[in-house]
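Me: Could you help me read this one, starting with how its parts touch each other and then going on to how its helices pack?

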Amino acid sequence: MAQGLDVFEERIRTALSEELGAGAAQAQLEIPKQAEHGEFALPCFNLAKARGGNPAVLAAELAAKLRVPEVQAAAAGPFLNFKLDRTALAAAVLQNAGGSDYGRGPGGQTVLLDFSSPNIAKPMHVGHLRSTVIGAALSRIFEHLGHRVVCINHLGDWGSQFGKLVAAWQRWGDEAALEQDPIQHLLDLYVRYHAEEEKDPRLAQEAKRAFQELESGADGEVRRTWKRFTELSLREFDKVYRRLGVHFDFIRGESWYEDKLEDALRWLESRGVLEESEGALIVNLESEGIKTPCLVKTAHGTTLYVTRDIAAARSRLDEFGFDLALYVVGNEQKLHFEQLKAVLRRCGAAWESRMEHVPFGLVRLAEGKLSTREGRVLLLSEVLDRAVELARGIVAEKNPNHPDPERAAEAIGVGAVVFHDLKHQRARDVVFDWKVVLSFEGDTGPYLQYTHARCCAILRKAGRPAPDPRGVDPALLADAGELMAALGRFPMALREAAAKREPMLLAAQLLRIAAAGNAFYRDRRVLGSEAPLEDARLAAIAALRGTLALGLRLLGVPAPEEM
RNA sequence: GCGCCCGUAGCUCAAUCGGACAGAGCAUCGGAUUUCUAAUCCGAGGGCUGGAGGUUCGAGUCCUCCCGGGCGCACCA
């Protein structure tokens, strides 16, 4: 069930292994940087070295001998280039491209994704956007590849910070302010707490006591207050998730593992990895090459973030039996996940190798790092609102007769913000720049949406259903090689994006597809051509539209039919 | 101080397992619309890939050192 260009790649590998032996099937086939070198290329240096020959000679020999159906092999110095027959290329791509199952894979694994995970009582800022959109995109990509995906939102709803928050609420809480804008009020309280904590040491005591009460399980004032904050926060988060089209199978904060903490600690004890140090319980990790010991219980008896993650990992393995668990969490928590995995390893839990931290760079402002406490925040909802507002103006200007301008503006604004995040390699820090985020031209989400909308317009104006792509004459699309090759690489881009946990690879492929598509219909009239040609071009447009729609959906970017 | 990540065009970013002449977008300049949406397309200029060595047939990519930035380094998450 090879799709797109995979068909040809398989043929090339088969021919190579027939000529050079089975090992050659794994030879490094790459995509040439320049289109005139064909669709695939084989650098012959290593092969020649292994066989004791000259790479250029080998390339020439292979070019003469290889027989690959519908593929022409040509030597260019030490490179062996493969150029696909244009008609065969179009025929192969039209076979699947554009369908909702294009690029679908056999999958079969259970993949758990832990992402977004904002902290209760704090607003979602642009930093949360990264985890949310990267995690959500990966979840859809893995799902499309046939895996069973479980998405968990591991809310930060536990920990000593909630002791601080409850203590602050008990001192300065304002019922009316909480009703009016819960997250803002809670944030104010949190900031005020930190400001006054140093002047008044009693605050720290109150906070510590409150968290101890919370963790004791007592169903008193502290717990009721905390629960209320959680519910109010979730309601706010839901609004953002709805706008982003993000869905979780489970919204389970750290508190969900509350009743599993004791068991986790007993387990560590039974494995003999627990040590006491300065009144606290730790796991020494020097044998795992980590100098910093892992602290699992504080001297005053409360658990920590990592304790909850240990409990969560065991619980999730038990419940879902995951083959792969991806934690889409910022770079700065690298050590945390190394420790988590090392602790499990010391306990003999070999399954920790299936857990993987998928880190991403942090978002910074030009003025400096974001800091909730110092009030240097950039609210996610504000970013989305501004993008939508700008889109609203542009829609009104460019398409005053749009049937649903408000909906289009929302799609364009949100799409711009989401795509902007996903087009960068996740590892790198990103500097948030309004000018760039709010740009709708060039390599942007709206550019992809626009291309999609143009295709929709052509298909709409055809006034009839798109022809069955298998019924059109692919020879009439021999001039669409760029577009067909770009579409044909979509399945590969999907697989790479999953393998490297890097949605950018899909985003980049969509940009290449859109660029090829725009060039294609710019120079070739679709409607009004003679019947067989119109059919063929309509089929190409349908494949383009469908692939963009699919790719955008996987990334979480809406694809309106009209802009 | 130790560890990890990053330095590519004026700006934001790509570059497949180490492969061909380091590519896009933005910005600048110049073109394209009686025809399916100009949020588009075509073209031009713009580079000692932070610096110095090394490995290799071949280095933006690997190794060493230096410079610059980010993050982390047990009682936060």
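**Domains and helices**

Reply: Five residues of domain 1 are in contact with six residues of domain 3, and please keep in mind that this is a predicted model.

Me: Where do the domains of chain A run?

Reply: The domain assignment of chain A gives residues 6-84 as domain 1, 115-256 together with 321-365 as domain 2, and 380-555 as domain 3.

Me: And what area is buried between domain 1 and domain 3?

Reply: About 460 Å² is buried between domain 1 and domain 3, with carbon and sulfur atoms giving 47% of that area. On the domain 1 side, the residues that lose the most area to domain 3 are Asp 6, Ile 31 and Glu 39, which together make up 76% of what that side buries.

Me: Which residue forms a salt bridge with Asp 6?

Reply: The partner of Asp 6 is Arg 495, and the closest N and O atoms of the pair are 2.9 Å apart. The count between domain 1 and domain 3 is one salt bridge.

Me: OK, new topic: at what angle do α6 and α9 pack?

Reply: Helix α6, residues 160-172, packs against helix α9, residues 201-216, at an angle of about 115°, and their axes are 7 Å apart. The crossing in which α6 passes α9 is right-handed.

Me: What kinds of residues make up the contact of α6 with α9?

Reply: The residues of that contact divide into nine nonpolar, two polar and four charged. Among them are Phe 162, Val 166 and Trp 172 in α6, and Leu 203, Phe 211 and Leu 214 in α9.

Methods
Residues are numbered from 1 along each chain as its sequence is written. Chains are lettered from A and ligands numbered from 1 in the order in which they are written. This is a predicted model: local features need pLDDT of at least 70, side-chain atom pairs count only at pLDDT 80 or more; totals for chains, interfaces and linings use all residues. Side-chain values use heavy atoms; hydrogens and water are left out. Axes are lines fitted to C-alpha atoms, for helices over the stretch in contact, and angles run from 0 to 180 degrees between N-to-C directions. Helices (H or I, at least four residues) and strands (E, at least two) are DSSP runs, numbered from the N terminus. A crossing is left-handed if the near helix is turned anticlockwise from the far one by less than a right angle, and right-handed if clockwise. Contact means heavy atoms within 4.5 Å. Ala, Val, Leu, Ile, Met, Phe, Trp, Tyr, Cys and Pro count as nonpolar, Asp, Glu, Lys and Arg as charged, and the others, Gly among them, as polar. Domain bounds come from an automatic or database domain assignment. Buried area is the accessible area (1.4 Å probe) that two parts lose on being put together, summed over both. A salt bridge is a side-chain nitrogen of Lys or Arg within 4 Å of a carboxyl oxygen of Asp or Glu.
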